[in-house]
Amino acid sequence: MRNVVAPAVASDAKKASKAARDAATSADLAESALAEVRRLVGGLPGGVTVTAARPTTAKVSGRKPVVGLAGFFGDGNYGDELFLEVFKQHLGPHFELKVLADLPSTPYFSRDVKDVVADVDAIVIGGGDILQPWNQDPRYFNHAFLAKPVFVVGIGVPQYTGPNAPEEKEHIVARHRRFMAHPNVRRIGVRDDQAALWIRDRLDPPGEILVAPDIVSSLDLPPATKPAGAPILGVVTRFRPNRAKPDDYSEVVKLAQHVTEQGWRVRQIILGTNNVGKRDLANAEDFVFEGKEVVYSEDLDDLSRAIGECTTLASMKFHGTVVATMYGVPSIVMIPTNKNINFMHRIGLDALVSSFDSPQLIEKFDGRPEVDPTDLARIRRQATEHMRGLANAIAEAVVAR
């Protein structure tokens with residue numbers, strides 16, 4: 001006997017069958033996408049796994065998700081440009097990276113910010129001292145960014161004292177508070193406990209605040225070999241705006257004379273490229289010392305190698321000290337900002353914190369401790385795990401959307 005099915009029922013059955021096949025295909029694609037995310041990110045700290053339910057359109061279509069980068073990029077500040085290299089190293093293999101602000105000055109974006117945000121799948125904000133209690137720069141904590149999953153990494157909170165210190169503004173703090181409370185802010189990572197305490201106290205975000213060493217500590221630096229002959233004292237000065245008179249480098253000159261008498265070479269490293277490099281090069285003329293060599297390059301690797309070739313560094317720039325430390329080169333801090341103090345404390349090198357105008361510079365040099373390889377390995381591991389955790393969190397968010 002033939003099985004007769006009414007035409008309407010048959011049509012419904014066909015639709016149901018197709019829907020079931022489509023659902024199975026979507027499930028397979030989701031599982032495939034998640035497996036790819038796990039493979040790409042790999043080696044995640046603390047047993048963290050990706051548990052997203054379905055893939056993004058980007059994954060299904062076969063392209064990498066696009067991650068927008070928000071930070072102080074392009075002006076040539078050494079540390080900020082190194083942040084880009086960190087993102088390329090840890091996020092580049094898994095995502096397409098795109099710097100969001102494409103203009104060097106206001107309005108910073110050549111298109112409407114909403115259109116810029118529409119082109120990316122997630123946004124990473126960081127690093128550096130960009131969470132400012134007196135200002136909310138549209139390049140960083142832009143409320144239009146909250147249309148997509150947002151990840152904050154490697155930031156600090158500048159907290160200055162003295163007559164020229166900017167005052168905290170409550171309406172700005174309130175704007176930061178609203179930003180951090182948004183459900184699309186998926187992860188907040190800072191580079192020291194001081195920043196974490198300020199954010200927790202003043203902004204009270206609902207989620208966890210992750211603390212890790214400055215993310216440049218995770219960067220694969222170019223090989224650097226100490227040249228034959230005399231050891232090298234590297235000196236890093238910097239242009240500092242809004243000063244009533246130029247910085248007085250007479251104590252740095254005394255240090256240079258001291259090391260020269262001991263048979264050392266003196267190398268002044270212009271630790272910046274583009275606009276920052278030009279300003280710092282002009283400022284370098286204020287450090288007058290006969291016989292000094294000057295290293296100036298538009299290539300970040302050249303600048304990093306110049307640090308790694310030194311036997312000791314004396315730096316007014318934070319990331320000069322960070323990079324020197326990662327090369328195992330002791331670095332005398334010549335501007336004792338919170339970020340410098342906190343980093344040196346983390347690595348057990350508090351004795352190297354000083355100031356460019358301190359009469360104790362020579363004493364700091366003579367008694368300088370070496371970088372402990374165990375501490376060096378620890379902060380490299382912590383920073384690397386932090387970046388792997390970030391990659392994992394982004395992958396989970398874009399696959400789950």
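A: Let's start with helix H3, residues 78–90, and helix H10, residues 318–326: in this predicted model, they pack at an angle of about 50 degrees, with 8 Å between their axes. Angles from 65 to 115 degrees would count as roughly perpendicular and those under 35 as roughly parallel, so H3 is oblique to H10. On the H3 side, the contact is made by Tyr78, Gly79, Leu82 and Phe83, which meet His319, Gly320 and Val323 of H10. Sorted by type, the residues of this contact are 4 nonpolar and 3 polar, with no charged ones.

Now let's turn to the strands. E4 pairs with strand E3 (residues 122–125) in the parallel sense, over 3 bridges. Here Val124 has Phe151 in E4 as its bridge partner. E4 also pairs with strand E5 (residues 185–190), again in the parallel sense, this time over 4 bridges. In that pairing, Val152 stands opposite Ile188 in E5.

A last stop is Ser355, in the loop between helix H11 (338–346) and helix H12 (361–366). Its relative accessibility is 17%, and buried means under 20%, so Ser355 counts as buried. The side chain of Ser355 is joined to that of Asp357 by a polar contact of 2.6 Å. Leaving aside residues up to four places away in sequence, Ser355 touches Val333, Met334, Pro336 and Leu361.

Notes: Residues are numbered from 1 along each chain as its sequence is written. This is a predicted model: local features need pLDDT of at least 70, side-chain atom pairs count only at pLDDT 80 or more; totals for chains, interfaces and linings use all residues. Side-chain values use heavy atoms; hydrogens and water are left out. Axes are lines fitted to C-alpha atoms, for helices over the stretch in contact, and angles run from 0 to 180 degrees between N-to-C directions. Helices (H or I, at least four residues) and strands (E, at least two) are DSSP runs, numbered from the N terminus. Angles under 35 degrees count as roughly parallel, over 145 as roughly antiparallel, 65 to 115 as roughly perpendicular and the rest as oblique. Contact means heavy atoms within 4.5 Å. Ala, Val, Leu, Ile, Met, Phe, Trp, Tyr, Cys and Pro count as nonpolar, Asp, Glu, Lys and Arg as charged, and the others, Gly among them, as polar. Buried means under 20% relative accessible area, exposed over 50%, partly exposed in between (1.4 Å probe, protein chains only). A polar contact is a pair of N or O atoms within 3.5 Å; within protein, one must be able to donate a hydrogen and the other to accept it, and residues adjacent in sequence count only if both atoms are side-chain atoms. Two strands pair if DSSP finds at least two bridges between them.
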